[in-house]
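Have the structure open alongside as you read.

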Amino acid sequence: AYERMKGASPGSLPDSGLKAIFREIVSATHALVKPNLIAYLGPPATFAHMACMSAFGSSANLKPVGSIAQVFQEVERGEANYGVVPVENSTEGTVTYTVDMLVDSGLTICGEILLQISQNLLSQASGKGEIKKVYSHPQGLAQCRLWLENNLRGMELKEVESTAGAAELASLEPDAAAVASEAAASIYGLHILEPDIQDNFNNFTRFFTIGDHQASPTGRDKTSILFSVKHESGALAKALAILANHGLSLSQIESRPSKKKAWEYIFFVDFEGHRQQEKVSRALEELESACLFVKVLGSYPRSE
C-alpha cells in the first residue's frame, strides 16, 4: 500500500516524510479497529520505546516491561501481540541475551527495526563542572567511552538497567548526569548539556519484532536461523558452503556456546531471502541433513 501511495505522490515531500505520515495513519486505524499491544524493554524514553514508535506509530498501545525475558513472556502468554527486543548494535555488537532467548522460545521473528542512536549528556546541572557522577546503561557508556574520557575524565560512571532509568536518577540528584536520549530529557525535565556525544555517529541499534506467526514474503526479506554442527574439522565451512551454493548472501554470523555441552556452539546467521522461496527452502533442507540442529527463527521484511 505504501509503495502505491509513493508512486501516486507527485509532490516534493521526501520518502521519509511520506513514510512517517503513512505509518501514523496505519497506527491510528489499527488502534480503532483492533488495538495491538506491543511489549518492549522499558521504561518509556528508552531506545526500545523509540523503536516501537518508529515501527508501530504513536497511536500503538505500548507496554514497558523490565527485562528482555519479560518481553518474550508477555507474547508467549498471549498478553501482548508483539514484542520488541534489541538484538545488535553497530558499535557494541550482538545482544547475546536476546539470541539466547531465541534458542528456546517458540516465538518467531516478524520484523526488524533499525534505529539510529543519538546519545546525550543530560542533567539538572547548568554545566559539566557541577557533575560528580554519570549514570547510563552499560552500552550507553560504552558508546560514549572516548567522549567521557576526554570531557569527564575521572568521573564516577554508574551502570543501570536502562538509559531512561539513568535519566530518572539524574533528575533526583543535582550533581548527577545521564547518558540517554533526547526524549528522556523531555520526560524527566533535564537539560541537554551536550548533544550527540556518541563516539561513532554511524551508530545504529537493530531490534527484532517477535510474535507467534510468520511474516508473508515481500520481495525484500531476510531469514534468521540457528544451527549447530559436529565438533570436527570443516563442519562449519561445509554448512556455510550449502548456503553459498544456493546463492544466499549472509549478512551476519555469530557464535554462541550451546550451554549443553562443553565446546559446542550454536551459530546465529542472517541471510537474504524468505523461507517460502524455493532456493531458501532447498538450502534449509540440505542444511538440516548436514547439521546437528537447525532452527528457523523467522523470515521477515528487511529494514531499510
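## The mixed sheet

Strands S7 (residues 133–136) and S9 (residues 176–180) run parallel and are joined by three bridges. Helices (H or I, at least four residues) and strands (E, at least two) are DSSP runs here, numbered from the N terminus, and two strands pair if DSSP finds at least two bridges between them. Within this pair, valine 134 has alanine 177 of S9 as its bridge partner. Helix H8 (residues 163–172) packs on the sheet and touches strand S6 (120–123), S7 and S9, with contact meaning heavy atoms within 4.5 Å. The direction of H8 makes about 160 degrees with that of S9; axes are lines fitted to C-alpha atoms, for helices over the stretch in contact, and angles run from 0 to 180 degrees between N-to-C directions.

Zooming out, the sheet is open, with five strands in the order S8-S7-S9-S6-S10 and mixed pairing. Strands S8 (156–159) and S10 (191–194) sit at the edges with a single partner strand each, so one side of each has no neighbour in the sheet. From one strand to the next, the twist averages 35 degrees.

## A word on the model

This is a predicted model, where local features need pLDDT of at least 70 and side-chain atom pairs count only at pLDDT 80 or more, while totals for chains, interfaces and linings use all residues. Residues are numbered from 1 along each chain as its sequence is written, and side-chain values use heavy atoms, leaving out hydrogens and water.

## The antiparallel sheet

Another open sheet has four strands in the order S13-S14-S12-S15, with antiparallel pairing. Its edges are S13 (250–257) and S15 (293–301); each has a single partner strand, so one side of each lacks a neighbour in the sheet. Neighbouring strands here are turned by 15 degrees against each other on average, direction ignored.

S13 and strand S14 (residues 265–272) run antiparallel, joined by seven bridges, and arginine 256 stands opposite isoleucine 266 in S14. Helix H11 (residues 278–290) packs on this sheet, touching strand S12 (221–228), S14 and S15, and its direction makes about 5 degrees with that of S12.

## Nonpolar cores

A nonpolar core is a set of buried Ala, Val, Leu, Ile, Met, Phe, Trp, Tyr and Cys residues joined through side-chain atoms within 4.5 Å. Buried means under 20% relative accessible area, exposed over 50%, partly exposed in between (1.4 Å probe, protein chains only). The largest core has 41 residues, and Phe72, Val84, Phe207 and Phe208 have the most contacts inside it. A second, separate core of 18 residues includes Leu243, Leu248, Val269 and Val280.

## Charged pairs

The whole structure has 13 salt bridges, each a side-chain nitrogen of Lys or Arg within 4 Å of a carboxyl oxygen of Asp or Glu. In one of them, the closest N and O atoms of aspartate 100 and arginine 256 are 2.8 Å apart. Aspartate 100 lies in helix H5 (residues 96–104) and arginine 256 in strand S13, so this pair ties together parts that are 156 residues apart in sequence.

Arginine 206 and aspartate 270 meet in a salt bridge too (2.7 Å, N to O). They lie in strand S11 (residues 204–211) and strand S14, so parts 64 residues apart in sequence are tied together. Arginine 206 is buried at 3% relative accessible area, and aspartate 270 is buried at 0%. Salt bridges that share partners join Glu88, Glu112, Arg206, Lys222 and Asp270 into one network.
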